[in-house]
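Hi everyone, and thanks for coming. Please have a look at the structure on the screen, and I'll walk you through a few parts of it.

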Amino acid sequence: MAFVQFSQVSLAFGDRDILKNVTINLQTGSKVALTGANGAGKSTLIKVLAGLVKPDSGSRAVQKDSRIAYLPQSGLTHHGCTLKEEADKAFEFGYELQHQIDQLGEEVQKGQGNTDALLIRQAELIQELQDSQWDRRDAMAESVLLGLGFSREDLNRKTEEFSGGWQMRIALAKALMQNPDILLLDEPTNYLDIEARSWLESFLQNYKGGFLLVSHDRYFLDVTINEVYELFNGDLKKYPGNFSHYEKVRQVELQTLIAEYEQQQQEINKLEDYINRFGAKATKAAQAQEYQKRLDKMVRIEIPESLKKIHFSFPPAPHAGRLVLRLKDICKSYDGSRKVLDNLELTLENGERLVVAGRNGAGKSTLLRIIAEEDKDFTGQIIPGSGVQIGYFSQDNAETIKGKETILEYLEERAPLELIPKLRDMLGAFLFRGDDVYKSLDVLSGGEKSRIALLQLLLSPVNLLVLDEPTNHLDIHSKDVLLKALESFGGTVVFVSHDRGFIEELATKVLHLEPGKFKYYPGNYQYYIEQVEKQSAGENLSLGLGHSPENSAKQNESSSSSNGDALRNVPEAASETKLSWEEQKKRDAEKRKVEKEVSKLEAEIEELENKKSELEAKMGNPEVYSNGEKAKAVQSEINALISQIDQKTQAWEEASEKLMEF
């Protein structure tokens with residue numbers, strides 16, 4: 001059994017202990033997550049395990065001939081060959097083994113050395129080569145690359161043509177192809193979409209070697225690992241079970257510590273308040289100095305950042321009507337021929353949390369830019385509802401954040417007055433802790449600027465949030481804080497995310513995109529998954545296809561119609577019948593009639609909403625609310641409008657459902 005073992009390992013950077021007498025054992029079958037706050041030293045520990053960083057003290061033992069593969073967070077690039085040729089480099093160990101086998105064969109033929117010993121060693125190497133599945137390297141390379149999102153056409157592309165995120169996918173693919181005894185993966189999901197993550201989940205679940213990984217995706221961890229190591233203040237502690245189980249156990253374990261921490265924080269605040277208020281007064285200076293000494297001598301209690309209770313809520317969402325947005329016949333093409341979006345129809349109602357799903361290149365970010373009015377190069381109509389105010393976030397927002405001011409100064413200038421006292425806690429939730437808040441904007445990394453851009457948006461009073469990958473650059477705790485805030489948000493949310501756990505918790509509706517196709521699922525993400533699986537199973541049955549990736553791809557390509565309603569078109573395709581010209585003409589006329597009815601109802605509802613808003617504003621007039629009769633009369637009008645809005649909305653829903661039948 002292969003293993004990597006460390007005993008009593010210590011490492012310090014300056015006066016800070018990164019690792020203190022750490023012991024860890026990884027072996028065949030280990031499925032381990034390494035967790036800890038940002039800056040705790042997780043990446044350093046992985047480098048020590050990989051043999052890239054030498055500890056100050058302690059012992060490292062590695063089973064003879066054990067192979068270890070290591071994937072860093074970022075920074076790897078490839079050039080000078082095709083993707084297929086680069087992938088083949090992952091099998092260098094096999095070429096080396098084959099070379100040794102050939103050399104031993106030559107020595108046996110020449111009668112050099114102990115023939116029996118040479119033959120035994122050659123047999124061992126042959127067995128090792130066979131166990132590594134080296135003879136299946138081409139099939140393995142293709143399987144891994146396709147699983148991680150590359151296409152067959154990509155295999156002959158030069159590696160330097162791929163962007164940074166895809167460069168890291170190449171590096172991940174090579175690490176997996178090596179089929180090592182121990183895999184060390186530092187944030188392997190950072191650059192993967194949800195389909196590639198799902199494939200990696202399956203790969204690791206069936207992996208026969210051992211692995212240790214760092215990830216900020218709770219769902220990914222829960223389905224792949226069975227033990228957790230927490231690195232906290234240089235100490236490493238092991239917890240059996242998946243990540244959610246670790247969090248529950250750790251929470252109970254630290255309840256006493258958290259209570260002591262909160263009590264100490266109250267004492268610190270009192271002492272600091274006294275020192276700040278009276279330190280300069282002669283009559284109180286001695287007492288203030290005594291308090292300062294107590295502070296200096298105090299042994300500060302620390303708890304993991306993930307267990308600190310940080311919450312925040314959005315500014316109240318401005319009032320908006322029930323109909324927030326309608327997209328009608330949206331078409332978008334980048335090259336003039338292939339349509340990314342083709343006659344897309346979508347209606348958003350107030351309070352919905354819609355996730356846009358689909359593979360990379362399906363048009364998810366494009367659609368979000370169109371909704372946010374960032375992209376106006378399209379055809380079709382966007383009909384906003386009454387009072388809609390849009391807030392948009394994408395990774396590109398980071399480019400606008402620059403200057404000499406500090407993070408705290410930048411946000412204080414832009415935050416509503418009532419939220420300024422909470423800014424430090426909110427910054428802490430977004431991984432800016434301690435003196436980080438005094439960093440100049442010009443020294444921030446791209447990831448740090450993205451977090452600032454996201455927090456800046458969340459401070460804005462809007463009622464339609466359009467979020468493109470808001471969880472990038474956030475750890476698990478920060479995602480939880482964001483999730484709770486979005487769940488309690490009083491407006492509407494449209495978002496794209498590759499974090500399945502985040503999607504499952506937040507989404508109430510799903511819009512699935514394929515290039516030029518779409519399908520709307522009026523339920524949460526679990527409902528969407530169930531419907532897709534049912535559809536796939538039905539097509540497998542009717543077409544007589546298996547469950548191979550190739551067949552799944554073919555099914556996906558043929559499963560959705562241009563109007564996004566695949567299930568409805570299955571019987572039409574099966575019967576191979578076509579509507580007559582007269583029937584089609586009648587059907588088109590009926591559709592136009594229903595479309596006019598929908599548009600008419602939308603206009604009437606918007607007009608009623610506007611009248612209701614005017615009356616509600618009138619209720620805030622002292623001349624009205626201070627006069628009982630006037631207030632009662634205005635409220636009666638408001639109630640009548642609410643009743644009319646409900647009736648019109650019900651009629652609109654019925655007409656919209658009828659329209660979906662065409």
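Let me begin with one term: two strands pair if DSSP finds at least two bridges between them. With that in hand, take strand E3, residues 31-35, and strand E7, residues 210-214: they are joined by three bridges and run parallel. If you want a spot to look at, find Ala33, which stands opposite Leu213 in E7. Before going on, please keep in mind that this is a predicted model.

E3 and E7 belong to an open sheet of six strands, in the order E5-E6-E7-E3-E8-E9, and the pairing is mixed. Which strands stand at the edges? They are strand E5 (68-71) and strand E9 (235-240), and each has a single partner strand, so one side of each is left without a neighbour in the sheet. From one strand to the next, the twist averages 15°.

Helices come in here too. Helix H1, residues 42-49, packs on the sheet and touches E3, E5, strand E6 (182-186), E7, strand E8 (227-232) and E9. The direction of H1 makes about 155° with that of E6. Helix H9, residues 243-253, lies across E3, E8 and E9, and runs at about 115° to E9.

Next, the aromatic rings. How many aromatic pairs does a search of the whole structure find? There are 10 of them. Take Phe150 and Trp166: the ring centres are 5.0 Å apart and the planes are at 65°, and because planes over 60 degrees apart count as edge-to-face, that is how this pair is classed. This pair links distant parts of the chain, 16 residues apart. Phe150 is in the loop between helix H5 (137-147) and helix H6 (164-177), while Trp166 is in helix H6 itself.

Are these two residues buried or partly exposed? Phe150 counts as buried, at 3% relative accessibility, and Trp166 counts as partly exposed, at 22%. Another edge-to-face pair is Tyr239 with Tyr246, whose ring centres are 5.3 Å apart and whose planes are at 70°. Tyr239 is buried, with a relative accessible area of 3%, and Tyr246 is buried as well, at 4%.

Back to Phe150 for a moment: ring pairs link Phe150, Phe162 and Trp166 into a cluster. Elsewhere, the charged end of Arg451 sits over the ring of Phe432, 4.7 Å from the centre.

Helix H12, residues 364-371, is mostly covered, with six of its eight residues buried. Those buried residues are Lys364, Thr366, Leu367, Leu368, Ile370 and Ile371. Just after H12 comes Glu373, which takes a positive phi of about 65°.

Finally, the chain as a whole. It has 23 helices and 18 strands. Of its 662 residues, 46% are buried. Looking at contacts in the chain with a separation of 6 or more, 69% are between residues 24 or more positions apart. The accessible surface comes to about 33800 Å², and 48% of that belongs to carbon and sulfur atoms.

Note on methods: Residues are numbered from 1 along each chain as its sequence is written. This is a predicted model: local features need pLDDT of at least 70, side-chain atom pairs count only at pLDDT 80 or more; totals for chains, interfaces and linings use all residues. Side-chain values use heavy atoms; hydrogens and water are left out. Rings of Phe, Tyr and Trp (its six-membered ring) pair if their centres lie within 6.5 Å; planes under 30 degrees apart count as stacked, over 60 as edge-to-face and the rest as tilted. Helices (H or I, at least four residues) and strands (E, at least two) are DSSP runs, numbered from the N terminus. Buried means under 20% relative accessible area, exposed over 50%, partly exposed in between (1.4 Å probe, protein chains only). A charge sits over a ring if NZ of Lys or CZ of Arg is within 6 Å of the ring centre and within 35 degrees of the ring normal. Axes are lines fitted to C-alpha atoms, for helices over the stretch in contact, and angles run from 0 to 180 degrees between N-to-C directions. Contact means heavy atoms within 4.5 Å. Accessible areas come from the Shrake-Rupley method with a 1.4 Å probe; for residues, only the protein chains shown count as cover.
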